[in-house]
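User: Hi! Could you walk me through the ligand site in this one?
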Amino acid sequence: MTKDLSIDSIIALNNGVEIPVFGLGTYRMKDGAETRTAILSALKAGYRHIDTAKSYGNEKDVGEAIRASGIPRERIFVTTKLWNADHGYQKALKAFGKSLKRLELSYIDLFLIHWPVKGIRDETWRAMERLLQEGECRAVGVSNYMIRHLGELLEISATIPAVNQVEFHPYLFQEDLLKFCRKHKIQLETYCPLTRGRRLDDPKLRSFADRYSKTPAQILIRWALQHDLVVIPKSSHPGRILENADVFDFSIAEEDMKALDSFHENLRVSWDPTNVQ
Ligand code: NDP
């Protein structure tokens, strides 16, 4: 797939639903106008995948921008997530309905458990299965699940999560998790692919960027794509939204991919689920 990657590339999830490999993250797009402008810019630039969550407080604006774009709903892949306070069977069903209402959409493409809340996440998964069976969402998955959490889920349910969305970049190259997900046909999706900007000035990364005549952000995005990950960089700025999408006219050589893998330093710029029981 790598060779022919384009902004329209998709991956088939384990239930056959197709997810665009490249999308727009929306965390910290708080203000309504900021969110709407960013999403409209992204859709204009060819993005067809938007990642939001109840906790980002912008579902309403995401939905508004999607409708304002004039692009048919079925051509845009929308992910939202179940917040931690909404775990539990009935609460999860209710929270899903509220997300749908805020987005003003008739279905969600991918609904994720945002975080593996202790003690109650398995019950929540039952609600996710029901939403899937009833066609309220096209795929269900999890986020911030480590191997242990995934193993537990695979034991209690025949519904394998379609996606696990986790922090993943060369500075946090979670190879074992990636292998586990591949083995069980769980698509790994990377958040914070740009390290939230923390490593964009790293001289090691810059030297790769210079060599490929690309920016550090573009190298990080392309690296994720070449690992067959789904990647959702966030930017509120039209210029960077374009820059982040301009990653389909080059490819990183195999030896350079390996060199980037070796940047691993266990850096986490978001929350760390390692010790969640
Ligand atoms: P990213 O790694 O995508 O980095 C976003 C930051 O980088 C912003 O500050 C942005 O600033 C800046 N940026 C974007 N493009 C460039 C560029 N080309 N050059 C320099 N700086 C740039 O971090 P996120 O935390 O936003 O992760 C991506 C998405 O993943 C989120 O938006 C969210 O949708 C999802 N996510 C999910 C989580 C989960 O628990 N499931 C946790 C965290 C994120 P600016 O906007 O000003 O351009």
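Analyst: Happy to! One convention to start: Ala, Val, Leu, Ile, Met, Phe, Trp, Tyr, Cys and Pro count as nonpolar, Asp, Glu, Lys and Arg as charged, and the others, Gly among them, as polar. Bear in mind that this is a predicted model.

User: Got it. How does the shell around the ligand divide into nonpolar, polar and charged residues?
Analyst: It has 11 nonpolar, 12 polar and 6 charged residues.

User: And which residues are the closest to the ligand?
Analyst: Of the 29 residues that surround the ligand, the closest are Asp51, Arg196, Lys234, Ser235 and Arg240. Helix 9, residues 238-245, gives the most to the shell, with 3 residues.

User: Where does the ligand sit?
Analyst: In the largest pocket.

User: How much of the ligand does the protein bury?
Analyst: The protein buries 89% of the 900 Å² that the ligand exposes when taken alone.

User: Switching topic: how many aromatic pairs are there?
Analyst: The structure holds 12. In one of them, the rings of phenylalanine 22 and tyrosine 47 have centres 4.7 Å apart and planes at 50°, so this pair is tilted.

User: Where do those two residues lie?
Analyst: Phenylalanine 22 is in the loop between strand 2 (18-20) and strand 3 (24-25), and tyrosine 47 is in the loop between helix 1 (32-44) and strand 4 (49-51), so the pair ties together parts 25 residues apart in sequence.

Terms used. Residues numbered from 1 in each chain as written. Predicted model: local features only at pLDDT ≥ 70, side-chain atom pairs only at ≥ 80, totals over all residues. Heavy atoms only, no water. Near = heavy atom within 4 Å. Areas by Shrake-Rupley, 256 points an atom, 1.4 Å probe, with all protein chains shown as cover. 1 Å grid on protein atoms, 1.4 Å probe; cavity = no way out; pocket = protein on both sides within 12 Å on 5 of 7 lines; lining within 4 Å. Sits in = over half its atoms within 2 Å of the grid points. Helix = DSSP H or I, 4+ residues; strand = E, 2+ residues; numbered from the N terminus. Phe/Tyr/Trp six-rings, centres within 6.5 Å; stacked < 30°, edge-to-face > 60°.
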